Each structure stands twice: as structure tokens, then as C-alpha cells.
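Student: Could you take me through one part of this structure up close? I'd like to see how a single piece sits against its surroundings.

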Amino acid sequence: MLNQVIPDFELPSTSGKTFKLSAYIGRKLVIYFYPKDNTPGCTNQGKDLRDLYPAFQASNAEIVGISRDNLKSHENFKAKFTFPFELLSDAEEKACTLFDVIKMKKMYGKEVRGIERSTFVINEKGVLVHEWRKVKVDGHAQEVLEFIQSI
């Protein structure tokens with residue numbers, strides 16, 4: 001998918017909105033997939049992106065987070081940590097499948113299906129220009145911001 005136009009998709013979003021990928025043509029878009037609301041790694045990742053959000057905005061970039069959690073969970077998570085960006089609910093795994101982020105993971109010795117923490121950058125023309133998979137949270141938001149500022 002790298003260097004290809006991403007097919008348009010819609011997902012329910014926080015703030016009573018519907019996210020539509022094509023609405024972001026003309027802006028850079030950071031899409032980050034995370035496993036679960038209110039878990040330590042996901043919370044830290046969201047807070048890091050929140051803290052750098054003004055710099056992303058200054059670079060004509062928007063951020064959205066996606067997990068399989070429902071909108072009520074997302075609204076609570078967003079409010080609790082004052083995230084300035086929207087969280088999208090992908091309970092049917094439409095975007096998860098499109099970006100191939102559902103993986104088998106070991107949890108407490110059992111194999112479970114879950115989201116592999118991943119980040120994607122889509123340019124102003126709707127083309128996927130960079131991806132990070134198996135993301136480690138520490139320093140990641142800064143790395144994404146530096147990439148955004150370089151394009």
C-alpha cells in the first residue's frame with residue numbers, strides 16, 4: 001500500500017461526527033491504530049500525540065486514533081485525557097483490515113486477535129507515504145512529527 005492512494009472509508013467518530021478519509025484531501029493525516037482505550041501504552045501514546053498536537057497542526061496535519069472500542073469508551077477516554085483529536089470506532093474492523101493491523105498476539109499465554117500498534121501518514125493527495133508497525137510508544141510521537149515536518 002505504500003505510495004498508493006488509500007481507498008476512501010468512513011467510520012463513526014467521537015464528537016458525534018463521521019470520519020471520511022476523502023474529507024482530508026489537502027491536509028496531511030496521521031492515522032494511529034492502538035489496541036485499547038485506557039490501557040497504559042495507549043494512554044501514553046495518546047498523551048504524547050496530544051502534547052505535540054499544536055506542532056502537527058502547524059504542519060497542516062490532522063491526527064486520528066483508531067481502535068475497536070465503541071464510541072462511548074472513546075468519548076470517555078478522549079475526555080479523561082483531553083485529546084484534541086478524534087478517536088474512531090472500528091468495531092467491524094474495516095480500517096483495521098484495510099491497513100492490515102489485526103494480528104495474532106500472545107496475551108497471558110494464549111493467542112488472541114488484536115490490533116498491532118501502527119501509525120500511517122497520508123499526504124495531501126491521499127497517498128500513503130509512511131508507515132510504522134510494531135510501534136514502541138516512547139519517542140514515537142516525536143518521530144512522526146519530525147517525518148510530517150520533513151514532507
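Tutor: Let's go for helix α4, residues 140-150, where H140, A141, V144, L145, F147 and I148 are buried. Those residues cover an arc of only 160 degrees around the axis, so they end up on the same side of α4. Here's the bit of background that helps: an α-helix has 3.6 residues a turn, so residues three or four places apart point the same way. Keep in mind that this is a predicted model.

α1 and α4 pack at an angle of about 25 degrees, and their axes are 9 Å apart. An angle under 35 degrees counts as roughly parallel, so that's what we call α1 and α4. Their crossing is right-handed. On the α1 side, the residues that meet α4 are Q45, D48, L49, L52, A55 and F56. Their partners in α4 are H140, A141, Q142, V144, L145, I148 and Q149. Sort that contact by class and you get eight nonpolar, four polar and one charged residues.

Leaving out residues up to four places away in sequence, L128 touches M1, L2, N3, Q4, I6, F120, V121 and I122.

Key
Residues numbered from 1 in each chain as written. Predicted model: local features only at pLDDT ≥ 70, side-chain atom pairs only at ≥ 80, totals over all residues. Heavy atoms only, no water. Buried < 20%, exposed > 50% of the residue type's maximum accessible area, 1.4 Å probe, protein only. Helix = DSSP H or I, 4+ residues; strand = E, 2+ residues; numbered from the N terminus. Arc of directions from axis to C-beta. Axes fitted to C-alpha atoms, helices over the stretch in contact; angles between N-to-C directions. Parallel < 35°, antiparallel > 145°, perpendicular 65-115°, else oblique. Left-handed = near helix turned anticlockwise from the far one by under 90°. Contact = heavy atoms within 4.5 Å. Nonpolar A, V, L, I, M, F, W, Y, C, P; charged D, E, K, R; others polar.
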